[in-house]
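The following exercises concern a single protein model. Each task is followed by a solution worked out step by step.

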Amino acid sequence: MRIKRYFAEDMRTAMRQVREYQGADAVILSNKRVEGGIEIVAATDYEPELVNLSTPSKKSSPMAEYEKVQQAADDAVDDEDVSQEEEHQEQTSEEKVDHSPVVWSQEPTMVKMREEIAEVKQLLQDQLAGLTWNHIDRQQPHRIKLLRDLTGLGLDPQLTKKIVEQIPESTSPTKVWRNALALLAKQLDFANQDLTDSGGVFAIVGTTGVGKTTTVAKLAARFALTHGADKVGLITTDGFRIGAQEQLLTFGRILGVPIQAISKPDQLCDALEQFSDRDLILIDTTGVGQRDKALVESLEALESKDIDVTVLLALSASTQVSTLYDSIRCFRQVTNIHGCVVTKLDEATSLGGLFSAVTRYGLPINYLTTGQCVPEDIKCADGECANLVSMAVSLMKQHAEAMDDEYMASEFTKVAVNG
C-alpha cells in the first residue's frame, strides 16, 4: 500500500492534488480539518478487503472496518521514509500552496446554515410565545388585561412587567388598575422643590428643537417676576442654529434681562464673570449633533474653573421612547445630569415613553412645560405626579389602539427571557 498525506486550504484543492499525484484509482483513507485547511490521507496499491466497507463481514461492523483502515493508514504514514516528507515539502513548495488560516465562519455554507438556524430559532420562539400567552390568558385573564392596559399607556414591556409583578393575584379586579397606576407613580421621581428659585448657574441641554431656548426664557421670566430682572443673566452658546440667538435676544429685551452670546468654549467663563453680580444665570446650549464636541468643551471649561453648574436635560414628551433613551445616554456621557425638564406636553399623544425613559435611567423630573407662553406655560414638577399620570390615562383613552396578541406575546416573552 502506497500512502501519502496532502495538505490544502479546501477539499477541492486537496482532491485535485490526490488525482494529480496518485491517479483516479486512489482511495481516501481519512480527512480532517487542521489549522489552515484540510489534511487528507490517500492510498494506492491497496488491499481491496481493507477499504471495501460496502460489504463488511458478519463479525465486524462498518465502524470496526473503518477503524482498521484508519489504523493501517496511521501505521503506514508513521513508517514512511523521511524522504517522502521531503518530497511532500518540495511538492507544496512548488505548488506554492497558501496555508494562511481560513476563516471557516465566513464560508457561504456556514453563513447560510447560521441564517437558517436563526430563522428556525425565531419561529420556535414565536410559537412558544403564543402558547405561553394563550395559557396565561386562560388562567389569568385579569393579569392579561392589566398588561394590555399598561402597554396601552405606552410603557415599555420591562416597566409594565415590573408593575404587574408587584400586584398580588388576589387583588380585586376593581382595584387592579388603580393599584397599578399608584405603583407607576411611585416609579417616577418628581423633584420636591423649585431649583432655580434659590439662584445659581444652570445649563439647559438637549437635542435640537426640543425647546431649550423657550425653557430658558420661561425660567428667566419666573425668577425676574419674583426677584427682579436685574438679578438674572442669560448666556447662549447656540451660535449655529439660524435664529437661535435672535430668539433669546428678543426674550431678553422683553424681560429686561442682559444676554451674552458666545461662540467659543473659552468665552463661557468670561461671560459668567460679567454676570457675577446676578443671582440666577441660565445657559442655553447648542443642540447635540455633529457639534456636540463644543458642548463638552464648554462644560469642561466650567469644571476647570470650579464653577458649580446644575445641568438639566430637556426632554420632549412628544418624542419616541428610543430617541429619549439615546438622548439621556448621550448627555450622561458628556456631563452629570441633575434632572430634566419635560417639554411639549401639549403636543404629546402618549406619556408612556417618557415614563419608561426617566424610570429606566433614574432621572428626576424638575419642570413641566405645556406651551409657548412665557412664563405661564412652565411649572415646578413638585406635586404634579398624580396629574401627570392622570394625563397619561386620558391620552391613552383618546388615542387608544388595540394591542395585537402576537405583538404582546412576542414582547413579553423577550422580557421574560432576557430579564
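## Exercise 1: Contact of α7 with α8

Task. Identify which residues of α7 meet which residues of α8, and characterise the contact.

Solution. 
Step 1. L159, K162 and I163 on the α7 side meet A180, L183, L184 and Q187 on the α8 side.
Step 2. The model is predicted. In it, α7 spans residues 157-165 and α8 spans residues 173-187, and the two helices pack at an angle of about 120° with their axes 9 Å apart.
Step 3. The crossing in which α7 passes α8 is right-handed.

## Exercise 2: Contact of α13 with α14

Task. Determine how α13 and α14 are oriented to each other, and which residues meet.

Solution. 
Step 1. Helix α13 covers residues 321-334 and helix α14 covers residues 352-360; their packing angle is about 30°, with the axes 9 Å apart.
Step 2. Angles under 35 degrees count as roughly parallel, so α13 and α14 are roughly parallel to each other.
Step 3. α13 passes α14 in a crossing that is right-handed.
Step 4. From α13, the residues V321, L324, Y325 and I328 take part; from α14, they meet G353, L354, S356, A357 and R360.
Step 5. The contact of α13 with α14 divides into six nonpolar, two polar and one charged residue.

## Exercise 3: Salt bridges

Task. State how many salt bridges the structure holds, and examine the pairs R5 with E39, D194 with R222, and D277 with R278.

Solution. 
Step 1. The structure holds eight salt bridges. Side chains of opposite charge can pair when their charged atoms come close.
Step 2. In the salt bridge between R5 and E39, the closest N and O atoms are 2.9 Å apart. This pair links distant parts of the chain, since R5 belongs to strand β1 (residues 2-8) and E39 to strand β3 (residues 37-44), 34 residues apart.
Step 3. The threshold for a buried residue is under 20% relative accessible area. E39, with a relative accessible area of 9%, is therefore buried, whereas R5, at 25%, is partly exposed.
Step 4. D194 and R222 form a salt bridge through their side chains, with an N to O distance of 2.3 Å. Here too, distant parts of the chain are linked: D194 lies in the loop between α8 and β4 (200-205), R222 in helix α9 (residues 212-227), 28 residues apart.
Step 5. D194 has a relative accessible area of 22% and is partly exposed; R222 has a relative accessibility of 23% and is likewise partly exposed.
Step 6. The side chains of D277 and R278 form a salt bridge at 3.9 Å, N to O. D277 counts as exposed at 52% relative accessibility, because the threshold for exposed is over 50%. R278, with a relative accessible area of 21%, is partly exposed.

## Exercise 4: Individual positions

Task. Decide whether T215 is buried or exposed, and list the residues that T215 touches.

Solution. 
Step 1. T215 is placed in helix α9.
Step 2. With a relative accessible area of 1%, T215 is buried.
Step 3. Leaving aside residues up to four places away in sequence, T215 touches V341, T343, T369 and I378.

Task. How far apart are S390 and A185 in sequence and in space?

Solution. 
Step 1. S390 is found in helix α15 (residues 385-398), and at 43% relative accessibility S390 counts as partly exposed.
Step 2. S390 and A185 are separated by 205 residues in sequence and by 10.0 Å in space, C-alpha to C-alpha.

## Exercise 5: The whole chain

Task. Describe the secondary structure, the buried share and the contacts of the protein.

Solution. 
Step 1. The protein has 16 helices and 11 strands.
Step 2. Of its 419 residues, 42% count as buried.
Step 3. Among contacts in the protein with a separation of 6 or more, 74% come from residues 24 or more positions apart.

Methods: Residues are numbered from 1 along each chain as its sequence is written. This is a predicted model: local features need pLDDT of at least 70, side-chain atom pairs count only at pLDDT 80 or more; totals for chains, interfaces and linings use all residues. Side-chain values use heavy atoms; hydrogens and water are left out. Axes are lines fitted to C-alpha atoms, for helices over the stretch in contact, and angles run from 0 to 180 degrees between N-to-C directions. Helices (H or I, at least four residues) and strands (E, at least two) are DSSP runs, numbered from the N terminus. A crossing is left-handed if the near helix is turned anticlockwise from the far one by less than a right angle, and right-handed if clockwise. Contact means heavy atoms within 4.5 Å. A salt bridge is a side-chain nitrogen of Lys or Arg within 4 Å of a carboxyl oxygen of Asp or Glu. Buried means under 20% relative accessible area, exposed over 50%, partly exposed in between (1.4 Å probe, protein chains only). Angles under 35 degrees count as roughly parallel, over 145 as roughly antiparallel, 65 to 115 as roughly perpendicular and the rest as oblique. Ala, Val, Leu, Ile, Met, Phe, Trp, Tyr, Cys and Pro count as nonpolar, Asp, Glu, Lys and Arg as charged, and the others, Gly among them, as polar.
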